[in-house]
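I am opening these notes for a reader who is new to this structure.

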Amino acid sequence: MKPHVPLGAFSRHLQPFRPLFGDHRLFQGFSATLQGILASGGLRLSQIARCAPGTTCSEHAERRLRRLIHNQNARADLRPVRLTETLTEVGARRMAGSDEVLVILDESDLRKPHSERLEYLDQVRALDGSPVQGFHTLTALGIASTGTRALLYQTSFSTLAPGFRSKNAEYRAAVLAVKNALVQQGVTRLIWVLDRGFDAIDFLRFLQKQGQLFVVRSAHLDRVVRRDVGLPSMPLEDVLQQASRLTTLSVEKAVFDPTTKRRQTLLKVHVHGCAVHLPGPSPLVCTALRLEAQALQDRGWVLLSNLPLPTDDVAARAMLATRLVQLYRQRWAIEDVFAWTKGVLKWESARVMHFAGLRVLVSCAWIVAAFLFELGATLGDRQLRLVAHLGGWRQQEQYPPGKRVLTWGLERLAVFLMMQEQRANPQRRGEIDTLLVELFAP
């Protein structure tokens, strides 16, 4: 009888996905695939197969991995929708017991500018704004009142794929999935923090109907609103030009200042605001804020929220304005997450011809990302510092280790595990030991 070996943190992280597999062998292949993503630092199947634990000595590792990713095993259910459902359930359990959760919903582009044969290649935007080929992704990151973070939702889609309805339908499906999962965990107060792509009135009314609070950066400044019932309608931008100043804040944000030709990180922001009535069949009263800073110039921000603005209390109005700005600042956290996932896990490096397989691979990258979110809660301080040290971080540095450094440390540990497996092969042990001596002997 084998002695019981406690599961490591990565294995515990993957246990909720075990019901998707009909036998242990397939689940081991799935686990090895995700460890291979960490070890290879990308989503190329050939590299994953060479770095995944348990497959490095296997002749047909890449072929088995392709069958798994393309969901060709009858005893495994790796449909993207099932991976998303499980990811949402796991993330919601991490939020259990929180009195309030911020949900940062954001859409990002998975660019494949040089691909020609991928199924359902859509049109997305390059960094310079020009159109390129690629796909859309939708991600929700949760931040509990305790500071705990978790990935709550992730999906990839193409507007050209069969059965696609609309982006609005994708957004609503994400809201309902996250809301229902968090309610089951006892979380009743959610605040959705949204960027400019989500400020359509129909979507905001949907959130209101679902009893959800929101803060959204408005893109449509020419939309017609009213200050109050009976008053004339005016463009939102004109209304905010007449609004009184509520407060002045110091905001940390990296912005290029064309006047000084330098990147400015601490901005002095003046916040003006008032209540506005959005047009439509049912009343939707929002707090509208205009954020002004010299470095922002014409890129100033306008925020809308259904958190009500107090009418008479000057201090309470300033407090609400401050909180809404702070809530929106939390959205910047997901920009760092996207940059890290694209840069370190290289989700745009996936090379598969079938759209469903691409979606599975991207979901696997986000499952690995979710593990990094909870790594600090699963390792002791000394262990976490060792992982960070392997990633190049030093104790005397001013800032704590970030996800990029921790990922590099985990990659090196995964490579160490791969080399242990290679040495376990009697035919290769002597070759490896000889090579190590010849290359690195002092």
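Before I look up a strand, I note that strands here are DSSP runs of E of at least two residues, numbered from the N terminus. The model I am reading is a predicted one.

**Entry on valine 193.** I looked up valine 193 and found this residue in strand 5, which covers residues 190–194. Is valine 193 buried or exposed? Its relative accessibility is 0%, and because buried means under 20%, valine 193 counts as buried. I then listed what valine 193 touches, leaving out residues up to four places away in sequence, and wrote down Val103, Ile104, Leu105, Val215, Leu327, Tyr328 and Arg331. For arginine 331, I also noted that the C-alpha atoms of this residue and valine 193 are 6.4 Å apart in space, although the two residues are 138 apart in sequence.

**Entry on the whole protein.** I counted 15 helices and twelve strands in the protein. Of its 442 residues, 49% are buried. Taking contacts between residues at least 6 apart in sequence, I found that 60% of them join residues at least 24 apart. The protein exposes about 22,600 Å², and 51% of this area comes from carbon and sulfur atoms.

**Entry on the cores.** In soluble globular proteins, nonpolar side chains tend to be buried together. Which residues touch the most other members of the largest nonpolar core? I found that, of the 50 residues in this core, they are Phe21, Phe30, Leu34, Leu83 and Ile367. Among the elements that each supply at least two residues of this core are helix 2 (24–40), helix 5 (80–94), strand 3 (131–144) and helix 14 (403–424). Helix 11 gives the most to this core, with 15 residues. Apart from this core lies another one, of 43 residues, including Ile201, Val276, Leu284 and Cys286.

**Entry on asparagine 73.** Where does asparagine 73 lie? I located this residue in the loop between helix 4 and helix 5. Asparagine 73 has a relative accessibility of 13%, so this residue counts as buried. Not counting residues up to four places away in sequence, asparagine 73 touches Leu26, Arg67 and Leu68.

Notes. Residues are numbered from 1 along each chain as its sequence is written. This is a predicted model: local features need pLDDT of at least 70, side-chain atom pairs count only at pLDDT 80 or more; totals for chains, interfaces and linings use all residues. Side-chain values use heavy atoms; hydrogens and water are left out. A nonpolar core is a set of buried Ala, Val, Leu, Ile, Met, Phe, Trp, Tyr and Cys residues joined through side-chain atoms within 4.5 Å. Buried means under 20% relative accessible area, exposed over 50%, partly exposed in between (1.4 Å probe, protein chains only). Helices (H or I, at least four residues) and strands (E, at least two) are DSSP runs, numbered from the N terminus. Contact means heavy atoms within 4.5 Å. Accessible areas come from the Shrake-Rupley method with a 1.4 Å probe; for residues, only the protein chains shown count as cover.
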